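User: I am new to reading protein models and would like to go through this one step by step. Could we take it as questions and answers?

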Amino acid sequence: MKILLSWLKDFIDINIPVEELCAALTMAGLEVTGADAAGLDDYLLDIEVTPNRPDCLSILGIAREAALILDLKFKHPKVIFLPKTSTAYIKETDFDINIEDGDACPRYIGRILLNVTVGPAPEFIKDRLAKMAVRSVNNVVDITNYILLERGQPMHVFDYDKIQGKQIVVRFAKKGERLLTIDQSEINLDEKDLVIADAKRPVALAGIMGGLETEVGPKTSNIILESASFNPSLIRATARRHGMMTEASYRFERGVDFPAVDSASKYALELFRQYACPQDKGRDIVIDKAKDVIKKQTPLSSKVVFKLQDIERSLGTLPSSFWIRKSIKGLGCEILSVAKDRIKVQAPSYRRDLNTPADYIEEIARLYGYDKIPYKELPCLALERELSIKELGDWDFDNRVKECLSRIGLREIISYALVSEQETAKFHFDNIAALDNPLTKTYAVLRPSMLPSILKIFQHNFNRSNYDLALFELGKIYFYDNGPIERKAVVVGFSGSKYKDCFGSSLGYNFFDLKSALSVLTGRFGLDRYAVTDEENQFFSKNCSAAVWANNQKLAVCGKISESVMEFYELKKELYIAEIYLDVLKYFSKKDICYQRLPQYPAIERDIALILPQSVSSQDVVEKINNRNELVSSIEIVDVYQGKQIPPDKKGLAIRITYRSLDRTLKDDEVDKIESDLKNILIGELSCQIRE
Amino acid sequence: MILEASNQKDLETVKNFYLGRKGKIADIIKNIPALPENQRPLIGKEANVIKQQIAALISRKQVDLAKNLTPQDKIDVTLPPNRSRLGGLHPITQTINEIVKIFEHIGFCVVEGPEIETDYYNFQALNIPEGHPARDGLATFYLKDNDYLLRSQTSTVQIRIMQQVKPPLRALSPGRVFRPDNLDASHSFMFHQIEGLAVDRTTNFSHLKASLAYFVEKFFGPKTGMRFRPHYFPFTEPSAEMDISCIICSGQGCSVCGRKGWLEILGAGMVHPNVFKEVDIDPEVFQGYAFGLGIERIAMLKYGIDDIRLFANNDIRFLEQFD
Ligand SMILES: [Zn+2]
C-alpha cells in the first residue's frame, strides 16, 4: 500500500524525520518496506498492511494509526452538510435501486448528478494521483480514485443516460450473460458473480470493475455515482474467478467501513461541485436523487469484556491500567464500563477485527511495544511428555539412516519431489498423485519413485563434468489410491570411480556397492536376513536388476540403469541405483542394541573351491550350508572365477568358512568332520563339484 | 625374505612358505593343542598377530612390485593424494539438524506430518476459513481429481500434534512445503520450513521472546541483534515477525537487507484461541506460542548463498562446501 507523505500531512502534523516515522510505523505493525523520494521534500512510503487491517488501506486510515502511535492530533475530515436539493424536480430522472440479496450487498447509495462537465481534473488531484502511480482519466473518474486512495471507499460512476429503464439492480448474473469491461475485456459471467445491472443487462461487475458501455466519456453530462458495500468473500471469489484484481476489489475483499459508504459519496459530491461544474455560472449540478438503500446494517464488532490478568497471562507483563485505558480510547474504542479489573469495550465501525479479548491483547501489546515485553526463560518440562510426542514420525530413524550412509562416503542430495507426467507415463506408474494446478509440465506429479529425481541430479552433475559420484536422498514417494499415500524411501546412486590415484589405478563403482550400502543399512538396524532375487525393473538393464526381500516384503530394488533410461535422461556415464523402502526397513529393524561377548578362542578358517552349475547362485550356496552347524560362525565368498579350468556351463566359487567355538579352541579333526559334512551337502543338494 | 623378493612369483613362494595351508603359521597353530593349557590362548593370539603382520607386509610388497618400486627408490612426496571422498549431509539437513539441536536443549522434540494435506489442516483448523484474505499469501497446489492439497506451511503439524497429544508439549516439525511460485533466485515451488509449538498453562509472549533469542544467539552468534515487530497471522494472536540485525552488513544497510539493516527471519505468536478450540484444548486453561521459519532462507543468510536453486541442483561442488 503506497502512501504519499504530503497527503498524510493533510490529517496529521508530522514533526519528525521520515526515517523515524517509518521506524515507528514498522514497530507498531505497519511495516514500511520502502520510502522513495517523490518530488521535492516528499516521500512515497510503501506500507505492508496485513489482511486484518482494511481500515489502513487509505491515507486517512494510516494517518489515524500514525496519530495514535506518535501521539499526534488527528485532524478529522470535515463533515459535509449537503446543500438543499434543487427545487427543479425533474420527473424523468427518477430511478430505482433494487438489491436482490442483502447479504451480497448490504448497502448501495446511488446519487444522480446532472449537468456535469467532463474535463481534466484539477492539478492537485492529477499531481497526487501521478505520485501514487494512478493514471489520470478525467475529472469525474479521477475524483473517485482520489477518494478511494484517501478514504478507502471505492466508488463507480455510470453515464446516467446509458442506463436503461431508470433502474439499478444489484443481482447475481444470469446464465449466458456477458460484460465488456472498461479495460476492453469481455467476460462470461458466472451465476455466482454479483453484478450491477440496469433494466436489461449487467453494467458492472460489482465491486471490481465497471462496464465499457456505460462508462463516463467526454460527452457525458449526467451521471450516477455508486458508493456501496459488498460481501467480501463474494467479491474475492469473483475477482479470482475472472483473474481481475483491482484497487476496488482489494478493498471490498477485506471489507469497507459502513459509515464511510455515505461520507465518501458526500465527499465526492462536494468535489464534483468544485471541479466538475459547468463553466456557465448560471447552472449548477442538480442533485435530483440520492438514494441510500440499506438492506442490512453491518453490525459493529462485539462488545468485549477482558480482564487485566488476561493481558499479563498472555504477554508476561502488564502495562498500567491508566495506559491501557488511554490506548483503548486512542484506538477509537468506547470504554463501556470499568469494574475492578474488568474492562468492557466496543470497537469503532472501522475496526471490525476487534472481537475477542485476544484481539485487544494484541492491540495493547502492539502499542506498548513488543520490545518492552521482557525475556523469560522457559521452565523445565516433564520428560514423559517428550517421549510420548516422539512417537509422531520417524525423525530419529531417518537421521540414523542419513548418518549411516554419509559415514560410508555417500553425499546427501535433496531434490524436487515433483516430476513430469512424461516421466510417470514413460515408466508406467499407476496410482500417481498429479497436481491440478501445476506451474509447468516439468513439475506436475508427485514422484512415485525416487529414481527420476536422482537421475536428474546425476544428469546435472554429469553436464558439469562431475562424474565420480556416490549420492543418496532420503525422501518420500507419493501415490493416490482411494486416499493419499506417502512412503519414505532412500535412493542410493553411484557413478564413475570410488578410488583414483596418480599412478593410474582406479576402482569403479559397480552393482555390489549398492549391496554394500544396503547391507550397511540392514546391519545398522539389525535386519540380519534378506534375500536378493533377479527381478526386472523399468529402470534397470535386464542383466543387472534385482529386488531385495525381507520376509517376503520388498525392501529394495537395485540395478544398473538401462541404456534406454540413460538415453531418456541424457546420461553420459553408466550408473547404479538402489531404492530402499524405509517403512519396510523400519518395520523389521531391531530397536535395541544387544552386546555380544567378543570371542575368546581362535577361529579356524577353511576355504572350499566349488564348481557349480551357472543356475546356482552364491546365495543358494550360502543358504544351503548356513545354520547347519553352530560352530560355523561365518561363510564368506572370496572368489568368483571363470576360465579355462572351468567348463563353460559352470562357474567357480571359492568360499571361506570360519569355524569358531565360544568355549574352547577347536581341533582340526572336528573341523574336518564338519567341513566334510558341508561338502557333502553341497555336492548332494546343489550338484557342486569340489576342487581340491 | 619378503623384502628381498624381486618379482611376484618369488613373493608368492614366500607367501606360501609362511601363510599357506601347510606353512609355518599353520604349523604353529596345529601344534597349539599339544601345548600346556595355560599357554594355548596366548600362543594362538600371537600366531594370529604374526600372521596378519606378514600378510600386511606381503600385500604392501605386492603393490610396490606392481609399481616397479623398490624401497631404495625415493618416492616423489609431492604427488597428489589418492582421492577419497567424504560423505556428508545436505546443507538443508545440516541447517535443520542445527536448529533442532538448539531447541532440543530447551525441551523440544521432533515430530512429523504428512505433505499431502486437506484444506482443513492447511487452512480451516488454523483459523483461515474459506474466502479469508490471508489465503492470498498462501497460494496452494491442489491434487487432481480429489480434495487434497500439498501443504503450503508446516503449521499444519500444530493441529496434528494437538489432536494426538494434549499439553504440556513442546514440539518442532521440519519438512517440505509447496507453493506455486515460479523458480527464480529467491523463490521455489518446494522448500523447507520448521514449525515450533510450545503449550502449557503459563507459556507466554515473554517466553516466546526468550526462546527465540536463545535460538538466534546459538545459531547466528551472540552479537546478533534482534527485534520483534507486530504482524498478523490468522493462527496466532498476538503475532510477531522477528528480525535479526543484518549479518552481511552488521546492521549498516546493504543490498541483502534492502538498506534497512534488518533481516526478517521468522514469524511467531501466541497460539490463537480458535486453534485451541479446534483441537479441544481449553484456551482458558492452556496457552502457548508457535513459530515458523524457512530453512532455505536462513541457510542462505547464514552462508551468504544468493540463489535458492543451488539447494535443489545438488551440484557436488556446491554440496562439498558444507563439510
Ligand atoms: Zn545488510
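**A serine and an interface**

Analyst: At 5% relative accessibility, Ser301(A) counts as buried, where buried means under 20% relative accessible area, exposed over 50% and partly exposed in between, with a 1.4 Å probe and protein chains only. This is a predicted model, in which local features need pLDDT of at least 70, side-chain atom pairs count only at pLDDT 80 or more, and totals for chains, interfaces and linings use all residues. Residues are numbered from 1 along each chain as its sequence is written, chains are lettered from A and ligands numbered from 1 in the order in which they are written, and side-chain values use heavy atoms, with hydrogens and water left out.

User: What is the area buried between chain B and chain A?

Analyst: The size of an interface is often given as the accessible area lost when the parts come together, here summed over both parts with a 1.4 Å probe. Carbon and sulfur atoms give 58% of this area, and its value is about 9,000 Å².

User: How many salt bridges does the rule find across the interface of chain B and chain A?

Analyst: A salt bridge is a side-chain nitrogen of Lys or Arg within 4 Å of a carboxyl oxygen of Asp or Glu. Glu31(A) forms one with Arg229(B), their closest N and O atoms being 3.3 Å apart. Across the interface, the number of salt bridges is 5.

Definitions and conventions:
Buried area = accessible area lost by both parts, 1.4 Å probe.
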